[in-house]
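Q: Could you walk me through this one, please? I'd like to take it slowly.

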Amino acid sequence: MGLGLMDFEGVWQVVRRIENAAGPDARFEGVARFERDGAGLSYAEEGELRLEGQAPIRGERRYLWREEEDGRIAVFFDDGRDFHRFDPGAEAPGDRHHCAPDVYDVTYDFSGWPEWESRWRVTGPRKDYAMVSRYRR
C-alpha cells in the first residue's frame, strides 16, 4: 500500500485505551488533526481522558510529522526533539524510543486503511502500561 506522509492529512477520530499494570486503566476519546505546516504535518490532538473512578480530564498533545527521503516518517515532539521514526510501507512498522530510564516501543497497523492504529508498550522503573490508539476519519 504506498502510504506517504500526506495521506494522514485531515481530521481523525481517535479512541485510546490505556492499560496500566498498576492501575487505574484509562480511556481517551477525541479528535486528531494533521495539518500542513510547511515542513510536513503538525499533529494536534484534543479530547477527554477518563480514568476509572475519577472525573474526566481534558487532554491534548502535539507532535510534528516529517517525511524523510527514504519514505520513512519521523515524529518529533512539538519543541523539535526527536521522538521516533517508522516506515509506513513496512510489514510491521514500528520503533523504540529511549527516555531514560523508560523505554517506549511502538508498532503501527495500517492494514485496515483508512482506519489505523498505534500500539505502545511502555516499561521502566515506575512505568508499565500498554496503550492502543485507533484512528478513523
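**Starting from one arginine**

A: Let us begin with arginine 66, which, leaving aside residues up to four places away in sequence, touches Leu5, Asp37, Ala39, Gly40, Leu41, Arg72, Ile73, Ala74 and Phe76. Please keep in mind that this is a predicted model.

Q: And which strand does arginine 66 lie in?
A: Arginine 66 belongs to strand β4, which covers residues 57–67.

Q: Is arginine 66 buried or exposed?
A: Arginine 66 counts as buried, because its relative accessibility is 17% and the cut-off for buried is under 20%.

Q: What does its side chain make polar contact with, then?
A: The side chain of arginine 66 is joined to the side chain of aspartate 37 by a polar contact of 2.9 Å.

Q: Can we look at β1 and β2, and how many bridges join them?
A: Strand β1, residues 10–20, and strand β2, residues 26–36, run antiparallel and are joined by nine bridges. Within this pair, arginine 17 stands opposite arginine 27 of β2.

Q: What is between β1 and β2?
A: The two strands form a hairpin with five residues between them, and in the turn glycine 23 has a positive phi of about 70°.

Q: And how many bridges join β2 to β3?
A: Eleven bridges join β2 to β3, the strand of residues 41–51, and these two also run antiparallel. Here alanine 32 stands opposite glutamate 45 in β3. This pair forms a hairpin as well, with four residues between the strands, and glycine 38 in the turn has a positive phi of about 100°.

Technical notes:
Residues numbered from 1 in each chain as written. Predicted model: local features only at pLDDT ≥ 70, side-chain atom pairs only at ≥ 80, totals over all residues. Heavy atoms only, no water. Pairing = 2+ DSSP bridges. Buried < 20%, exposed > 50% of the residue type's maximum accessible area, 1.4 Å probe, protein only. Polar contact = N/O pair within 3.5 Å; in protein donor to acceptor, adjacent residues only side chain to side chain. Contact = heavy atoms within 4.5 Å.
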